[in-house]
Amino acid sequence: MLNKMAVMLVFLFLHCISYAHDDELWCFRWDDWTCVPGPAFSAANVHQVHNTIGRDGPSFLEASWHETETVLGLITGSVLASRYLAVWTLEYVDGFANLGIEGDEIIEDDYSFGQLVFTPDKIVVGTHGGSLKFWNLEQKEFLYELPVSDGWTSEILIHPSHEWLLVVIDFAKLFRVDLDSQAVAEIHLQANEVRDFDALAFSSDGRLLAAAGNGTLGIWHTDTWEAWEPRPLSADSAEVLRFADDDSHLLVISYASVNRWSLNDKRLEFVRKLESTGRRRNCFINDGDISPDGSLLMTTDDCGQTRAWDLAADAEIYVPQLDFSEPFVQGEVIQFNPDGRLLFTGGSFGWGLWIIHQPE
């Protein structure tokens, strides 16, 4: 009996490996003695659309995809020079074979542009003067400027309902901006242990807001602003927060690691810390994003590395062509488009656009 069981297990294992190899799929886990493959992400199915690197090129500070999946907004420039707001319209030609890019430079504004988001029909940019500027998305025409508060707009988040924006001023004050009435109201988080909001994120349904700052992490209900998680939790040097698409997990991305927390029984429970240093050591992570299907985490760092983690296996995947090849290029932003087929990477003096497709 034991011999038959051993033979069966070997057969299933070999079958799984063969299946994974033939269809470029990986076996992430065993489930009732059945190998369950996940979607492939490898050099074989990541194709470069465009890649520009040069010492005289622009630096990419902000990137945001519109919900239509083929419109990408960008803020380029440098800290000490003029900043540009641009909108690229991408057009698929013959499937993934060709991708046309039409660049529309909208306006130049010395020093003032900071954050960028899309509403369904508008482009919204936060300024260093504590106001929001709005453009019509279709005509690319400037509409109006809305004062929020004295200070610097350090973060903008659009609520998943698309009805209001969360605006952070000077990393310290929170405001709700109603997109219909343009009313501005300050938000006071109850039982707030977080100071200096370094990173924020809405859950996918918009019912929760996660915020981190000064080494502390918290979560609040967005209808009452009462604390969902009453304990002050550790979140060292949090740079980016991302909820999984099903809101089962929260990823806290810091300079050198990624911490995964599970949202169970209305409490955060620590799951795992991913802290591989990649191929170069002492490289600080600057940005990260989760694929829309929740299977993949991508990060970019100041060594020009683009690192990928398979979230099902908690394993790092190396795709060499995603790295910036020049050592002086620092990765600043990385964003999946809403359907997960396109990935934008931007940094100092360079940018890349990639198609991610299922194996044929």
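This is a predicted model: local features need pLDDT of at least 70, side-chain atom pairs count only at pLDDT 80 or more; totals for chains, interfaces and linings use all residues.
**Exercise 1. Burial of an aromatic pair**

Solution. 
- Step 1. The search for ring pairs gives a count of ten aromatic pairs.

**Exercise 2. A pair between loops**

Task: Classify the ring pair of Trp-152 and Phe-171, state where each residue lies, and explain why Trp-152 and Phe-171 are assigned to their accessibility class.

Solution. 
- Step 1. The ring centres of Trp-152 and Phe-171 are 5.4 Å apart and the planes make 70 degrees, which is edge-to-face.
- Step 2. Trp-152 sits in the loop between strand 11 (142-147) and strand 12 (153-158), while Phe-171 sits in the loop between strand 13 (164-169) and strand 14 (173-178). The two are 19 residues apart, and the pair links distant parts of the chain.
- Step 3. Buried means under 20% relative accessible area and exposed over 50%. Trp-152 has 32%, so it is partly exposed. Phe-171 has 30% and therefore is also partly exposed.
- Step 4. Elsewhere, Trp-88, Phe-344 and Trp-351 make up one aromatic cluster.

**Exercise 3. The cavity and its lining**

Task: State how many cavities of 30 Å³ or more there are, and describe the lining of the largest cavity by element and by class.

Solution. 
- Step 1. The count is one cavity of 30 Å³ or more. The volume of the largest cavity is about 70 Å³.
- Step 2. The lining residues of the largest cavity include Ala-191, Glu-193, Thr-216, Trp-220, Glu-229 and Arg-231.
- Step 3. Strand 18 (216-221) and strand 19 (227-234) are the elements that give two or more residues to this lining. Strand 19 contributes the most, with five residues.
- Step 4. Sorted by class, the lining of the largest cavity holds seven nonpolar, two polar and three charged residues.

**Exercise 4. The disulfide**

Solution. 
- Step 1. One disulfide is found in the whole structure.
- Step 2. Cys-283 lies in the loop between strand 23 (267-274) and strand 24 (285-290), and Cys-303 in the loop between strand 25 (296-301) and strand 26 (306-310). The cysteines are 20 residues apart, and the pair links distant parts of the chain.
- Step 3. The limit for buried is under 20% relative accessible area.

**Exercise 5. Strand 26 and its neighbours**

Task: Determine how many residues of strand 26 are buried, which way its side chains point, and how strand 26 pairs with strand 25 and strand 27.

Solution. 
- Step 1. Strand 26 is mostly covered, with five of its five residues buried.
- Step 2. Thr-306, Ala-308 and Asp-310 point one way from the strand, and Arg-307 and Trp-309 point the other way.
- Step 3. Strand 25 pairs with strand 26 in the antiparallel sense over five bridges. Here Leu-297 is opposite Trp-309.
- Step 4. These strands form a hairpin with four residues between them, and Gly-304 in the turn has a positive phi of about 75 degrees.
- Step 5. On to strand 27 (residues 315-317): three bridges join it to strand 26, again antiparallel. Trp-309 stands opposite Glu-316 in strand 27.
- Step 6. Strand 26 and strand 27 also form a hairpin with four residues between them; Asp-314 in the turn has a positive phi of about 50 degrees.

**Exercise 6. A buried glycine**

Task: Locate Gly-213, explain why Gly-213 has its accessibility class, and give its distance in space to Asp-198.

Solution. 
- Step 1. Gly-213 is part of strand 17 (residues 208-213).
- Step 2. Its relative accessibility is 1%, so Gly-213 counts as buried.
- Step 3. Gly-213 and Asp-198 are 15 residues apart in sequence, and their C-alpha atoms are 4.9 Å apart in space.

Terms used: Residues are numbered from 1 along each chain as its sequence is written. Side-chain values use heavy atoms; hydrogens and water are left out. Rings of Phe, Tyr and Trp (its six-membered ring) pair if their centres lie within 6.5 Å; planes under 30 degrees apart count as stacked, over 60 as edge-to-face and the rest as tilted. Buried means under 20% relative accessible area, exposed over 50%, partly exposed in between (1.4 Å probe, protein chains only). On a 1 Å grid over the protein atoms alone, a cavity is a set of points where a 1.4 Å probe fits but cannot get out, and a pocket is an open set with protein on both sides within 12 Å along at least five of seven lines; lining residues have an atom within 4 Å of a point. Grid points are joined across faces, edges and corners, and a volume is the space filled by probe spheres set on the points. Ala, Val, Leu, Ile, Met, Phe, Trp, Tyr, Cys and Pro count as nonpolar, Asp, Glu, Lys and Arg as charged, and the others, Gly among them, as polar. A disulfide is a pair of cysteine sulfur atoms within 2.5 Å. Two strands pair if DSSP finds at least two bridges between them.
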